Amino acid sequence: MVQPNPPGDAAPLGVWPGTAYPLGATYDGAGTNFSVFSEVAERVELCLIDRAGTETRIPLEEVDGYVWHAYVPTVAPGQRYGFRVHGPYDPGRGLRCDASKLLLDPYGKAFAGEFGNDPALYTHGRDSLGHTMTGVVINPFFDWADDRAPRRPYHETVIYEAHVKGMTYTHPQVPPEVRGTYAGLAHPAIIEHLKSLGVTALELMPVHQFLHDRILLDRGLRNYWGYNSFGYLAPHHEYAADPRAGAAVTEFKAMVRALHAADIEVILDVVYNHTGEGNHLGPTISLRGIDNAAYYRLREDDPEHYMDYTGTGNSLNVRHPHTLQLIMDSLRYWILEMHVDGFRFDLAATLARELHDVDRLSTFFDLVQQDPVVSQVKLIAEPWDVGEGGYQVGNFPGLWTEWNGQYRDTVRDYWRGQPATLGEFASRLTGSSDLYEATGRRPGASINFVTAHDGFTLRDLVSYNDKHNEANGEDNRDGENHNRSWNCGVEGPTDDPEVLELRERQSRNMIATLALSQGTPMLLHGDELGRTQQGNNNAYCQDSPVSWMDWSLAHKNSELVEFTGNAIGLRAAHPVFRRRRFFDGRPAPGADADIAWFTPAGEEMTAADWESGFARSLAVFLNGDAIAEPGPRGERVRDDSFLLCFNAHDAPIDFTVPGPDYGAEWSTALDCSTPTGLSSATHTAASTVEVPTRCLLVLRRTA
């Protein structure tokens with residue numbers, strides 16, 4: 001019998017049977033229950049690792065339903081551990097057990113150490129201890145004080161997509177010791193910036209524990225974005241300011257608590273479609289060695305290799321009940337224990353592939369639908385993957401919202417002056433009812449965005465025609481080739497004042513369009529500062545100033561920051577821009593139609609106007625007196641009425657304000673030709689107002 005050591009370094013006095021559930025390592029204040037699933041295993045050992053790296057192996061003698069378990073008294077938070085799974089190794093049959101590998105707990109809530117690039121991670125029969133990470137037993141107890149979920153409805157939500165490190169790493173008001181961390185995101189300077197913009201939800205790029213690809217490490221690069229997860233219950237340890245093992249959990253919880261106190265929700269970008277173990281040549285660190293065929297989709301005719309719907313080497317086997325359980329347990333853990341408010345599912349179409357085709361009625365979506373916890377938070381799909389038939393915008397079930405790729409493409413095309421875009425632009429502006437209404441969803445189901453982490457930033461969208469990804473080390477072959485971007489006349493940096501002014505106006509046009517469209521807007525971090533990646537549209541491996549927010553731009557481009565806050569503030573102040581239901585174009589009781597479309601001449605649009613291939617300008621009247629849906633207490637919602645004048649032509653256009661039936665007097669609510677969007681100009685019914693080249697002008701009815 002081994003003798004006890006100090007807590008965090010302990011080998012146990014004894015081993016008790018323990019329980020099969022919950023899976024993972026669960027500390028109860030006196031000891032820790034360990035539990036791991038493997039149907040293929042012949043024998044499983046729990047491995048406790050002390051500070052010197054010495055391993056104590058404990059056979060797991062209890063097995064219930066292929067779940068191997070034991071309770072170990074005296075094992076306390078801070079203890080490092082892993083598993084060794086003994087079983088068949090026959091890659092040709094999809095069997096990859098290898099007891100020489102120290103395997104990470106799929107339910108691990110914290111991890112410590114680093115992965116080396118040693119061949120032991122990739123070679124059968126070579127011990128990986130010392131070259132891999134270890135799990136860490138955590139203290140689950142945390143003082144949440146009076147924390148509460150904001151539970152903001154979609155029509156009142158403004159999402160800000162951000163990277164934990166990139167958001168805070170250069171901020172001068174964030175103390176150097178917490179820059180690039182969860183604690184940094186919780187700093188008052190960051191929260192104040194988000195509040196000044198009108199942001200209500202912070203969507204974090206992956207924070208599940210991930211690993212850095214071998215091919216990137218060989219090039220001296222890193223997996224900056226983090227779409228290479230393996231620990232679905234653990235916050236990524238590199239984002240913790242506190243270096244102690246397991247400290248990331250407490251720090252993440254404190255971040256959520258601080259953001260909630262500011263009435264900001266936390267949404268996680270989650271990657272349940274594949275893991276960082278990659279293809280058949282990848283490292284064996286966890287699921288591959290625990291039960292390869294249960295956790296991964298293998299080729300039926302060639303089980304040595306993996307089905308790859310993600311372009312990353314493997315796809316999780318969502319047809320297997322224990323894989324589904326892992327995903328659902330992970331989601332519930334982040335909601336109940338970490339207090340997050342929702343999830344954005346990376347390549348979500350992969351989760352709907354039960355056989356080959358995407359099936360929106362697949363088991364995963366059935367489980368989400370009936371789950372009393374998961375079904376109540378924000379669920380956002382990236383509605384595509386790289387497999388055949390993977391583009392599924394508009395096809396997800398009723399609980400789900402979706403990244404609207406058609407919105408992104410249409411808004412980009414409209415403002416760069418592509419012909420024949422008016423009809424689709426109008427649909428995207430009004431919430432994309434053609435995509436979502438048939439499934440009983442509301443405008444909020446459309447997560448509207450013009451830019452996201454994947455692709456150009458907003459500044460680069462108006463500064464580059466072509467990608468410039470040479471720094472990634474792939475000879476500029478990676479990344480999207482068709483960006484729907486326009487450099488405004490010069491590729492990249494320039495000191496031409498006319499080009500710079502046009503770029504700034506185009507940036508304002510797209511921010512304003514995003515803020516005033518029906519649906520749920522999402523802003524990419526740093527777009528309000530004019531952040532650039534120097535034309536890199538695939539900066540996944542750039543853990544460098546290429547990707548980090550340059551906070552000096554907040555002063556240099558302060559007017560753009562102010563404009564962004566003004567545009568979002570206009571949305572927040574007026575429910576006509578964030579309706580819960582779609583427009584129907586029919587008169588409401590005691591009011592005119594809720595929406596009307598006009599040519600620049602002030603005449604209502606005809607079918608011929610909509611079909612005109614050359615037209616790039618139109619106006620839309622939003623009737624604040626004809627909002628049909630009631631407020632949260634059943635009250636009638638009334639608002640000001642607005643006229644939005646869109647001119648995507650390369651010359652100024654005179655717009656005629658509609659006649660007195662629509663309003664006698666109008667003031668300027670937002671003018672994209674001015675740096676901050678503010679203007680004191682007023683207009684009267686049937687008067688003419690010149691809308692500058694490529695500009696959005698918003699008028700508010702005052703009489």
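Reader: How are helix H3 and helix H15 oriented to each other?

Author: Two packed helices are described by the angle between their axes and the distance between those axes. In this predicted model, the axes of helix H3 (residues 188-197) and helix H15 (residues 558-573) come within 7 Å and cross at roughly 55°. H3 and H15 are therefore oblique to each other. Angles under 35 degrees count as roughly parallel, over 145 as roughly antiparallel, 65 to 115 as roughly perpendicular and the rest as oblique. The axes are lines fitted to C-alpha atoms, for helices over the stretch in contact, and the angles run from 0 to 180 degrees between N-to-C directions. Helices (H or I, at least four residues) and strands (E, at least two) are DSSP runs, numbered from the N terminus.

Reader: Which residues of H3 and H15 meet?

Author: On the H3 side they are His193, Ser196 and Leu197, and on the H15 side Val561, Thr564, Gly565 and Ile568. The residues of this contact of H3 with H15 divide into three nonpolar, four polar and no charged. Here Ala, Val, Leu, Ile, Met, Phe, Trp, Tyr, Cys and Pro count as nonpolar, Asp, Glu, Lys and Arg as charged, and the others, Gly among them, as polar. Contact means heavy atoms within 4.5 Å.

Reader: What should I know about the numbering and the confidence limits?

Author: Residues are numbered from 1 along each chain as its sequence is written. Because this is a predicted model, local features need pLDDT of at least 70 and side-chain atom pairs count only at pLDDT 80 or more, while totals for chains, interfaces and linings use all residues; side-chain values use heavy atoms, with hydrogens and water left out.

Reader: Where is Asn557, and is it buried or exposed?

Author: Asn557 lies in the loop between helix H14 (553-556) and H15, and at 14% relative accessibility it counts as buried. Buried means under 20% relative accessible area, exposed over 50%, and partly exposed in between (1.4 Å probe, protein chains only). Leaving aside neighbours within four places in sequence, Asn557 is in contact with Arg459, Glu528, Leu529 and Gly530.

Reader: How many residues of helix H9 are buried?

Author: Helix H9 (residues 405-415) is mostly covered, with nine of its 11 residues buried; among them are Tyr407, Val411, Tyr414 and Trp415. At the start of H9, a side-chain oxygen of Asn404 reaches to within 3.1 Å of the backbone nitrogen of Gln406. H9 is followed by Gly417, whose phi is positive, near 90°.

Reader: What describes a pair of aromatic rings?

Author: Such a pair is described by the distance of the centres and the angle of the planes. Rings of Phe, Tyr and Trp (its six-membered ring) pair if their centres lie within 6.5 Å; planes under 30 degrees apart count as stacked, over 60 as edge-to-face and the rest as tilted. The structure holds 38 aromatic pairs. One of them, Tyr182 with Phe252, is edge-to-face, at 5.4 Å centre to centre and 80° between the planes. This pair links distant parts of the chain, with Tyr182 in helix H2 (residues 182-185) and Phe252 in helix H5 (residues 247-261), 70 residues apart. Both Tyr182 and Phe252 are buried.

Reader: Which residues form one aromatic cluster?

Author: The cluster is formed by Tyr232, Tyr272, Phe343, Phe345, Phe364, Phe365, Phe396 and Trp400.

Reader: Which residues does Val691 touch?

Author: Val691, found in strand S30 (residues 688-691), touches Cys645, Asn647, Pro652, Ile653, Phe655 and Leu697, not counting residues up to four places away in sequence. At 0% relative accessibility, Val691 counts as buried.

Conventions:
A polar contact is a pair of N or O atoms within 3.5 Å; within protein, one must be able to donate a hydrogen and the other to accept it, and residues adjacent in sequence count only if both atoms are side-chain atoms.
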